[in-house]
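Have a look at the chain first, then the pockets and salt bridges below.

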Amino acid sequence: EHGGEVSVETNRRLAHKVADEVVLQFTGEAGIADTKVAYVNSGSGSKELSLMDYDGASAARVTSNNSINISPVWSPDTRSLAFTSYMRGYPYLYRLFAFERRPVQLLAGFLGINSPPAWSPDGKQVALTLSKDGNPEIYLLTLATGAFRRLTTHPGIDTEPTWSPTGRELAFVSDRAGPAQVYVMDVEGTNVRRLTQAGFNTQPRWSPKGDSIAYTSRQGAHDIWIVAPDGSNVRRLTT
């Protein structure tokens, strides 16, 4: 505030906070008006990461390494972004702090695949795909220690982990039985079970309430399907 006038940006922020409070009061769930969207922008000639308000305003770049930066994923505390970048020549996994003056942190820099990550609900771990031991397997990275723990051990490809809201299970994609299917395992890598039976299935995403998993299935055309975590109630959502 200066001379009794409030900046346009401050007004926007205040309006967003008020809108979120209204949504919270009426629905019991937090609104999205004061949040930021992370995305990939190639306007500069390279693929850089940018942030914008949920309505498209206040766009600002957060990387400028003249390389390829892709797959930004917000941490649960919304302080940092994990992303894949070729800034060192290989697709390594990094973490940047979007609102703090802190250096970019290397999370995984192995030869081969260092896949886009999935944050645990408490933000303490990241599930990711690494091929450093021969073929793509799913690992857990504990951020506080930098330690990696391998969850899958199979000749097939295991990839695309996604956490249950409780943090006790992970859904993932594997071609261990032929075409890609969606599986679920405990966070220790045990009790693996197959959820989908038909088609070529990828991109599983756990619902916030934990009662269903959405995924993309190619059965002729690509459509979005949904399944319960026990494999029941399979149904197609798009046609």
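Of the 239 residues in the protein chain, 38% are buried (under 20% relative accessible area; exposed is over 50% and partly exposed in between, with a 1.4 Å probe and protein chains only). Keep in mind that this is a predicted model: local features need pLDDT of at least 70, side-chain atom pairs count only at pLDDT 80 or more, and totals for chains, interfaces and linings use all residues. Residues are numbered from 1 along each chain as its sequence is written, and side-chain values use heavy atoms, with hydrogens and water left out.

**Overall build**
- The protein chain has one helix and 19 strands, taken as DSSP runs numbered from the N terminus (helices are H or I with at least four residues, strands E with at least two).
- Along the principal axes, its C-alpha atoms fill a box of roughly 70 × 45 × 35 Å.
- Among contacts with a separation of 6 or more, 24% are between residues 24 or more positions apart; contact here means heavy atoms within 4.5 Å.

**Largest pocket**
- A pocket is an open set of points on a 1 Å grid over the protein atoms alone, where a 1.4 Å probe fits, with protein on both sides within 12 Å along at least five of seven lines; lining residues have an atom within 4 Å of a point.
- The largest pocket has a volume of about 820 Å³, that is, the space filled by probe spheres set on the points, which are joined across faces, edges and corners.
- Its lining takes in 27 residues, and Val73, Ala118, Trp119, Thr162 and Arg205 lie nearest the centre.
- Two or more lining residues come from each of β4 (69–74), β8 (118–119), β12 (158–163) and β16 (200–206), with β12 giving the largest share, five residues.
- By class, the lining has 16 nonpolar, nine polar and two charged residues (Ala, Val, Leu, Ile, Met, Phe, Trp, Tyr, Cys and Pro are nonpolar; Asp, Glu, Lys and Arg are charged; the others, Gly among them, are polar).

**Second largest pocket**
- This one holds about 220 Å³ of space, and its lining includes Glu9, Arg12, Asp34, Lys36 and Phe99.
- Helix α1 (residues 8–27) gives the largest share of that lining, four residues.
- The lining divides into six charged, two polar and two nonpolar residues.

**Salt bridges**
- There are 14 salt bridges in the structure, each a side-chain nitrogen of Lys or Arg within 4 Å of a carboxyl oxygen of Asp or Glu.
- Asp55 and Arg12 pair up at 3.0 Å, N to O; Asp55 sits in the loop between β2 (48–53) and β3 (60–61) and Arg12 in helix α1, so the pair ties together parts 43 residues apart in sequence.
- Both ends are partly exposed: Asp55 has 42% relative accessibility and Arg12 has 23%.
- Arg150 and Asp133 form another salt bridge, with the closest N and O atoms 3.6 Å apart.
- That pair links strand β11 (residues 147–150) to the loop between β9 (125–130) and β10 (137–142), 17 residues apart.
- Arg150 is partly exposed at 33%, and Asp133 is partly exposed at 44%.
- Shared partners join Arg12, Lys36, Asp53 and Asp55 into one salt-bridge network.
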